[in-house]
Amino acid sequence: MTKKAFATIVVEAMERRGISAMDLHRMSGVSYDVINKLKHRPESSTKAENARRLAAALDLEWSDGDNSVDNKNEIQMVDVYDVSASAGHGQIVDSEYVIDRLSFPPDYLARLTRTDPRHLKIIGVKGDSMEPTLKDDDVVMLDTSKTSLDFDGLFVLRWGDALHVKRIGRGSNGSVRIISDNRDAYPAIEMQRAEIEVVGKVIWMGKKV
């Protein structure tokens with residue numbers, strides 16, 4: 001079982017979340033000078049109270065006594081947005097903001113994607129057009145770095161002001177075929193690429209029991 005210096009874990013967590021030393025100072029209450037020292041001197045340590053505050057702010061598991069973090073216990077956080085993609089005729093989006101964060105073991109997340117967690121989003125699903133794959137009120141994780149329409153798969157797409165979760169395929173004359181899994185109720189349609197914005201590829205789903 002490998003160990004990393006606490007300073008190294010703090011810096012890696014800051015980089016994953018895209019936050020600065022000043023951001024972490026505001027989040028944790030630990031002085032900017034202490035955080036800056038950890039950032040630029042990986043071998044440095046800090047007092048236990050500072051370590052606790054930093055670990056709490058960054059959602060890290062911290063062990064009392066040695067200023068180190070067990071890699072096995074490290075978690076990665078993915079933002080959950082107050083947004084739903086329609087599995088139907090289109091979900092209008094008025095705003096986007098983070099309402100929660102879900103934790104994932106890094107080895108599990110690495111099996112889903114190599115993308116940095118800051119480029120991942122979790123959103124809800126509304127409607128029945130993707131049944132039985134996705135049902136109303138399921139949630140999906142998007143990899144927002146994957147926006148190419150040259151690859152088939154399950155994507156969240158935007159056209160007009162509405163979000164849709166659909167499969168895509170090849171259409172005629174360079175168009176994109178938009179496919180619902182509930183094909184009897186929602187026949188496939190074809191659209192030109194210029195009409196579609198790809199929000200991200202669905203790489204994980206959470207389902208209601």
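Student: Why is R53 called partly exposed?

Tutor: Its relative accessible area is 39%. Buried means under 20%, exposed over 50%, and partly exposed lies in between (1.4 Å probe, protein chains only). So R53 counts as partly exposed. This is a predicted model, where local features need pLDDT of at least 70 and side-chain atom pairs count only at pLDDT 80 or more, while totals for chains, interfaces and linings use all residues. Residues are numbered from 1 along each chain as its sequence is written, and side-chain values use heavy atoms, with hydrogens and water left out.

Student: Where is R53 found?

Tutor: In helix 4, residues 48–57. Helices are DSSP runs of H or I with at least four residues, strands are runs of E with at least two, and both are numbered from the N terminus.

Student: What is R53 in contact with, leaving aside its neighbours within four places in sequence?

Tutor: S28, G29 and V30. Contact means heavy atoms within 4.5 Å.

Student: What makes helix 2 roughly perpendicular to helix 4?

Tutor: Their axes cross at roughly 105° and come within 9 Å. Axes are lines fitted to C-alpha atoms, for helices over the stretch in contact, and angles run from 0 to 180 degrees between N-to-C directions. Under 35 degrees is roughly parallel, over 145 roughly antiparallel, 65 to 115 roughly perpendicular, and the rest oblique. Helix 2 is therefore roughly perpendicular to helix 4.

Student: Which residues meet there?

Tutor: L24, M27 and S28 of helix 2 meet R53, L54 and A57 of helix 4. These residues divide into four nonpolar, one polar and one charged. Ala, Val, Leu, Ile, Met, Phe, Trp, Tyr, Cys and Pro count as nonpolar; Asp, Glu, Lys and Arg as charged; the others, Gly among them, as polar.

Student: Why is helix 1 called roughly perpendicular to helix 3?

Tutor: The two pack at an angle of about 100°, with axes 8 Å apart. That angle makes helix 1 roughly perpendicular to helix 3. A7, V11 and M14 of helix 1 make the contact with I35, L38 and K39 of helix 3.

Student: What makes a set of residues a nonpolar core?

Tutor: Its members are buried Ala, Val, Leu, Ile, Met, Phe, Trp, Tyr and Cys residues, joined through side-chain atoms within 4.5 Å. The largest one here has 18 residues; V10, M14, L24, I35, L54, L58 and L60 have the most contacts inside it. Helix 1 (6–17), helix 2 (21–28), helix 3 (32–40) and helix 4 each supply at least two residues. Helix 1 gives the largest share of this core, six residues. Apart from it lies another core of 16 residues, among them Y81, V125, L163 and V202.

Student: Is N173 buried or exposed?

Tutor: Exposed, because its relative accessible area is 76%. N173 sits in the loop between strand 9 (162–170) and strand 10 (176–179). Its phi is near 55°, a positive value in a residue other than glycine.

Student: Why is D137 counted as partly exposed?

Tutor: Its relative accessibility is 38%, so D137 falls in the partly exposed class. D137 lies in the loop between strand 6 and strand 7. Its phi is positive, about 80°, although D137 is not a glycine.
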